[in-house]
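Please examine the sequence and the model below.

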Amino acid sequence: MANFAKPENALKRAEELINVGQKQDALQSLHDLITSKRYRAWQKPLEKIMFKYVELCVDLRKGRFAKDGLIQYRIICQQVNVSSLEEVIKHFMHLSTEKAEQARTQAQALEEALDVDDLEADKRPEDLMLSYVSGEKGKDRSDREVVTPWFKFLWETYRTVLEILRNNSKLEALYAMTAHRAFQFCKQYKRTTEFRRLCEIIRNHLANLNKYRDQRDRPDLSAPESLQLYLDTRFEQLKIATELELWQEAFRSVEDIHGLMCMVKKTPKPSLMVVYYAKLTEIFWISASHLNHAYAWFKLFSLQKSFNKNLSQKDLQLIASSVVLAALSVPPYDQTRAASHLELENEKERNLRMANLIGFNLDPKIDRGDVLSRSALLSELVSKGVLSCATQEVKDLFHLLEHEFLPLDLAVKIQPLLTKISKFGGKLASASSVPEVQLSQYVPALEKLGTLRLLQQVSRVYQSMKIEHLSRMIPFYDFSVVEKIYVDAVKHNFIAMKVDHMKGVMMFGNLGVESDGFRDHLTKFAESLNKTRAMVYPPPKKASRLGEILPSLAETVDKEHKRLLARKSIIEKRKEEQERQLLEMEREEESRRLKQQKITEEAEAKRLATESEIRKKQRLLKEIEEKELEEAQQLLQDVSKKKKGKKPLLDGEKVTKQTLLDMAVHEQIKEREEREKKLTKLSKTMDHLERAKREESAPLIEAAYQQRLVEERVLHEREQQVSVSGIFRFFYSLILCAKFYFMATFDSSIISS
């Protein structure tokens with residue numbers, strides 16, 4: 001492991017290794033730097049290093065390295081600069097997505113190239129051999145070799161990022177964004193298995209959030225922003241589940257949303273609740289839970305009518321028609337009549353869950369059938385005015401199926417109404433959250449209801465009817481389908497009828513001994529006959545046996561008394577033994593309690609001592625930090641004075657002593673370099689100036705020199721002349737002096753003589 005004085009050196013070293021093709025070594029060097037304990041304080045160069053690190057991880061498809069590096073970087077910058085972590089993670093996901101898209105494009109191009117490689121042969125011989133041996137097509141092989149590894153890495157990227165960002169209040173927005181992108185990945189590429197795993201991961205994160213409530217930086221679900229992010233994630237999960245037709249996962253998503261609402265005890269916005277009930281209608285319809293489907297539609301209608309101010313009359317009429325038809329599609333009989341007790345309990349629990357999901361908080365002691373039922377829903381639709389908002393065809397159909405008695409013409413009058421209703425539907429312009437409404441989906445259930453109503457009304461009027469005539473009365477189905485419908489209705493005691501295929505006749509009413517009414521009458525008749533017989537022929541009284549018992553009564557009492565005394569002594573001994581055992585158990589329990597208390601007190605004392613030591617260390621560290629901060633502030637003031645009031649600080653950086661020392665050294669080096677540059681420039685300027693001055697003065701000096709020579713020559717000649725004349729005068733004066741001297745001497749000698 002190489003030790004770098006600065007993080008920038010590690011980045012330079014990694015770029016050098018990349019340039020020579022050693023990406024694995026470059027990744028390892030950056031990984032060692034990031035996981036090192038030496039660089040635990042966030043610095044700006046670390047962000048650049050992380051960008052390069054994730055790029056290498058993506059190029060080499062090293063998901064484990066990426067996870068370790070991101071976890072370490074989260075520890076480094078979580079308390080200082082969370083936005084840096086967000087940028088790194090966004091860059092990581094962008095690179096992974098881009099690589100997956102490139103791989104898919106490459107696979108498509110490869111497949112197209114293989115398709116047009118030879119215009120005379122459909123496939124190459126080697127492709128045929130591969131397909132026969134492996135059983136794969138060319139596209140499957142190219143996907144497995146090119147696309148699948150990158151898709152696996154992209155999926156691993158989403159899992160890694162979600163694991164890093166989970167249950168953190170500072171990163172919950174990025175967590176929600178990542179979950180949405182993962183959902184879109186599953187939707188775009190139809191990854192149903194990964195979508196189920198993704199939902200389970202998010203579900204486990206929420207469970208852990210509720211389990212570990214003392215976690216640091218735990219999101220507060222009572223905060224509106226956090227709750228909205230979690231709800232948006234769950235609603236996006238619900239939408240994608242329904243689009244992928246994963247109905248079981250969609251139902252679990254609905255339960256997640258309901259659990260989240262119950263947890264925070266707040267109702268989401270009406271726009272979200274519209275999506276909630278719209279998806280519930282789809283889920284209940286797929287699961288053939290027609291009653292819950294109808295109640296979900298009723299809730300959806302109430303929300304749209306109350307909160308959607310832009311709802312047009314046409315859309316309202318279409319939604320109301322859907323509610324009425326959904327209610328009519330509910331079977332008119334209870335399907336749990338012949339179920340066992342265990343099945344009834346399970347059905348009751350299931351119905352209670354469904355009612356809570358729809359929004360009806362029922363008492364578990366109350367039977368759900370008394371509150372949520374087909375008859376109660378239909379009466380509520382009439383009283384709340386939902387039926388009046390529906391189309392005229394739906395109103396007529398409701399009136400025919402629920403109020404009219406037309407045993408011969410019911411199906412004939414229903415059929416044209418169903419034909420018209422099947423043409424209604426489409427997307428709602430003013431209710432974007434509601435899915436496309438198609439009333440034709442209710443036609444099969446309404447045809448079945450019309451058949452049941454016709455059979456019910458015919459059974460009240462006729463005792464028997466030919467099968468051919470009945471088949472002509474029901475134009476919806478063949479008689480084989482009608483037979484299945486009435487068998488199910490008879491099973492649930494909705495109608496009573498039989499079919500005699502030999503005679504080609506259907507018989508209505510309770511005609512057999514096995515019918516419930518006839519069986520009850522026979523039972524009551526048998527009970528009445530027994531009572532009458534007991535009154536007419538009372539049973540004979542038995543003779544008294546007291547005389548036989550009296551002789552042996554005293555002996556029996558004595559034996560019984562002795563047995564009771566012995567039993568009493570045994571009971572007292574057992575009581576004493578039990579009391580003794582209880583005392584021993586109490587002593588043992590007390591000793592265990594004292595021992596546990598002692599252990600607890602020792603642990604508490606140890607914990608208090610540890611906390612005291614930690615507080616002492618924290619206090620010392622705080623004092624050191626304060627002292628360093630004061631020194632840093634003093635250095636900051638000195639640097640500011642030197643820079644004439646300009647503070648040499650960078651935005652987003654934490655001001656520390658080391659930072660300011662580095663900045664001061666940097667400023668000194670910069671100032672010395674600037675001074676050296678100025679001196680160099682000045683010396684060059686002086687050099688050029690001196691050279692120019694010498695070049696200009698050279699001819700002048702030469703001219704002055706020549707002139708000086710002339711002047712010197714003249715002066716020399718003059719001085720020569722002056723010096724010669726001086727010598728002559730000097731000698732002349734000497735001669736004169738000598739002459740005078742000799743003359744004076746001569747005169748004195750004459751005088752003296």
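Q: Which residues form a nonpolar patch on the surface, and what is their accessible area together?
A: In this predicted model, a nonpolar patch on the surface is formed by V724, I727, F728, F730, F731 and L734. Together these residues have an accessible area of about 600 Å².

Q: Is L734 buried, partly exposed or exposed, and in which helix is its place?
A: The relative accessible area of L734 is 40%. Because this value lies between the 20% limit for buried and the 50% limit for exposed, L734 is partly exposed. Its place, at residues 657-752, is helix α27.

Q: How many disulfides does a search of the whole structure find, and how far from C186 is the nearest cysteine sulfur?
A: The search of the whole structure finds zero disulfides. C186 is accordingly in no disulfide. A disulfide requires cysteine sulfur atoms within 2.5 Å, whereas the nearest cysteine sulfur to C186, that of C199, is at a distance of 7.8 Å.

Q: Which class of accessibility applies to C186, and which to C262?
A: C186 has 0% relative accessibility, and because buried means under 20%, C186 counts as buried. C262 has 42% relative accessibility. That value places C262 in the class partly exposed.

Q: Where does S289 lie, and is S289 buried or exposed?
A: S289 lies in the loop between α12 (270-286) and α13 (290-307). Its relative accessibility is 9%. Because the limit for buried is under 20%, S289 counts as buried.

Q: Leaving aside neighbours within four places in sequence, with which residues is S289 in contact?
A: Contact here means heavy atoms within 4.5 Å. With neighbours within four places in sequence left aside, S289 is in contact with F284 and R350.

Q: How far apart in space are P444 and L418, C-alpha to C-alpha?
A: P444 is found in helix α21, residues 443-461, and counts as partly exposed at 47% relative accessibility. In sequence, P444 and L418 are 26 residues apart. Their separation in space, C-alpha to C-alpha, is 9.5 Å.

Q: How many helices and strands does the chain have, and what share of its residues count as buried?
A: The chain has 27 helices and five strands. Of its 753 residues, the share that count as buried is 33%.

Q: What share of the accessible surface of the chain belongs to carbon and sulfur atoms?
A: The accessible surface of the chain comes to about 49100 Å². The share that belongs to carbon and sulfur atoms is 54%.

Notes. Residues are numbered from 1 along each chain as its sequence is written. This is a predicted model: local features need pLDDT of at least 70, side-chain atom pairs count only at pLDDT 80 or more; totals for chains, interfaces and linings use all residues. Side-chain values use heavy atoms; hydrogens and water are left out. Patches are made of residues with over 30% relative accessible area and no salt bridge: like charges are joined within 9 Å, nonpolar side chains (Val, Leu, Ile, Met, Phe, Trp, Tyr) within 5 Å. Accessible areas come from the Shrake-Rupley method with a 1.4 Å probe; for residues, only the protein chains shown count as cover. A salt bridge is a side-chain nitrogen of Lys or Arg within 4 Å of a carboxyl oxygen of Asp or Glu. Helices (H or I, at least four residues) and strands (E, at least two) are DSSP runs, numbered from the N terminus. Buried means under 20% relative accessible area, exposed over 50%, partly exposed in between (1.4 Å probe, protein chains only).
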